[in-house]
Amino acid sequence: IYDARIADGLKALGWPTQVHELAGRHPEADAEAERSAAGCLEAVGAGEILLVDGLALPAFLPALPRLCADARLVGLVHHPLADETGVDAVSRRTLDAAERAALGGAHRVIVTSDTTAAAVAAMGVPAARIGTVRPGVDAVPRASAGRAPSDSQRLDLLCVATITPRKGHALLVDALAGLQELPWRLTCIGSDTRDPATAAALRDLIARHGLEERIALSGERPAAEMPVAYAAADLFVLPSFHEGFGMAFAEALTQGIPVVGTTAGAIPETVPADAGILVPPGDVSALREALRRLLTDPALLQGLRQGAAHARFPTWDDAARAFARQLELAAA
């Protein structure tokens with residue numbers, strides 16, 4: 001979403017922009033990925049900017065000497081590849097080495113948070129070559145943001161995230177399994193096909209806890225449908241093990257919805273202290289207690305709702321302009 005919105009914004013600002021989608025496996029690049037990356041270089045003229053998402057950077061390593069000679073490489077890092085949950089030790093070392101090598105050849109590195117900026121600097125990239133461009137949000141009229149307190153006793157919880165190990169869905173199900181005496185319902189929106197094994201394990205876990213009637217896995221939804229989903233929610237919950245920014249948190253807060261998340265990565269940078277409760281990543285007991293507090297204390301929930309209503313984030317137009325400034329620095 002970030003890449004697509006920035007590309008659209010750059011085009012609107014008059015930047016001649018061509019998007020290349022790479023074949024093969026990423027970020028642990030296979031031969032097909034490397035061939036696809038090499039073919040992409042054929043469309044890049046001398047002195048032009050090649051902006052590469054961090055997930056694709058390892059595929060460009062074999063062509064890095066030519067790339068550095070012909071084009072100005074800009075890397076876009078959402079979070080370090082080795083920080084992905086579920087990556088084994090060998091793959092972690094491989095990804096870290098590949099990312100360090102690729103970023104070492106970049107004219108500039110654009111990141112999505114100060115947290116990620118610090119991580120990239122720790123990889124040896126000079127701070128002067130790092131620029132931060134936070135994701136934007138779609139502007140929402142403040143009068144329509146946030147759900148009014150309901151007479152219903154049930155709280156509707158919303159989780160928006162692709163079902164992968166890093167997003168912590170299983171942790172959330174385990175936490176809610178200990179709160180079955182309280183009135184709640186959870187809707188999970190996000191791809192259940194990108195990591196089929198994790199999605200299948202999550203369905204099994206929901207069934208083992210007997211929560212099929214209370215937890216809905218809704219798959220992906222078009223962006224146009226998301227405002228309706230947010231409007232139906234009382235509380236946004238996402239217990240990620242790491243976030244380079246946390247775009248879904250910003251979207252929820254923009255809609256005036258308080259959040260429960262974790263202290264992982266850039267989440268504390270994204271979620272104001274008066275708009276949510278953050279717990280240590282991986283701590284199911286702390287997550288359950290945070291949810292219990294909000295399920296049983298309407299005044300606390302309303303206070304966080306007011307905090308969410310005051311949260312502010314840049315628009316996608318703002319983000320595109322900031323991104324363009326970073327590209328100007330790369331071209332200088």
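Reply: Let's start with helix 7, residues 196–208, keeping in mind that this is a predicted model.

Which residues of helix 7 are buried? They are A199, L202, L205 and I206. Looking down the helix axis, you'd find these buried residues within an arc of 120°, so they line one face of helix 7. Over on the other side, P196, A197 and R208 are exposed. As for what covers the buried residues of helix 7, that includes helix 6 (169–177) and strand 7 (215–217). After helix 7 comes G210, and its phi is positive, near 70°.

Now for the rings. A pair of aromatic rings is described by the distance of the centres and the angle of the planes. The structure holds three aromatic pairs. One of them is F236 with F249, an edge-to-face pair at 5.5 Å centre to centre with 75° between the planes. This pair links distant parts of the chain, since F236 belongs to strand 8 (residues 235–237) and F249 to helix 9 (residues 247–254), 13 residues apart. Both F236 and F249 are buried. Elsewhere, Y2, W316 and F323 form one aromatic cluster. There's also a charge over a ring to look at: the charged end of R214 sits over the ring of W184, 4.1 Å from the ring centre.

On to the charged pairs. Side chains of opposite charge can pair when their charged atoms come close. Searching the whole structure turns up 12 salt bridges. D114 counts as partly exposed because its relative accessibility is 43%. R134 is partly exposed too, with a relative accessible area of 32%.

Stay on R134, because E269 forms a salt bridge with R134 as well, the closest N and O atoms being 3.2 Å apart. E269 lies in helix 10 (residues 267–270) and R134 in that loop between strand 4 and strand 5, so the pair ties together parts that are 135 residues apart in sequence. With a relative accessible area of 31%, E269 is partly exposed.

Another salt bridge joins the side chains of R292 and E181, at 3.0 Å from N to O. R292 sits in helix 11 (residues 284–296) and E181 in the loop between helix 6 and strand 6 (184–189), so here the parts tied together are 111 residues apart in sequence. Is each of these two buried or exposed? R292, at 28% relative accessibility, counts as partly exposed, whereas E181 is exposed, with a relative accessible area of 53%.

Finally, have a look at E84, R166, K167 and E243, which are linked in a network of salt bridges.

Technical notes: Residues are numbered from 1 along each chain as its sequence is written. This is a predicted model: local features need pLDDT of at least 70, side-chain atom pairs count only at pLDDT 80 or more; totals for chains, interfaces and linings use all residues. Side-chain values use heavy atoms; hydrogens and water are left out. Helices (H or I, at least four residues) and strands (E, at least two) are DSSP runs, numbered from the N terminus. The expected span of a helix is 1.5 Å times one less than its number of residues. Buried means under 20% relative accessible area, exposed over 50%, partly exposed in between (1.4 Å probe, protein chains only). The arc is that of the directions from the helix axis to the C-beta atoms. Contact means heavy atoms within 4.5 Å. Rings of Phe, Tyr and Trp (its six-membered ring) pair if their centres lie within 6.5 Å; planes under 30 degrees apart count as stacked, over 60 as edge-to-face and the rest as tilted. A charge sits over a ring if NZ of Lys or CZ of Arg is within 6 Å of the ring centre and within 35 degrees of the ring normal. A salt bridge is a side-chain nitrogen of Lys or Arg within 4 Å of a carboxyl oxygen of Asp or Glu.
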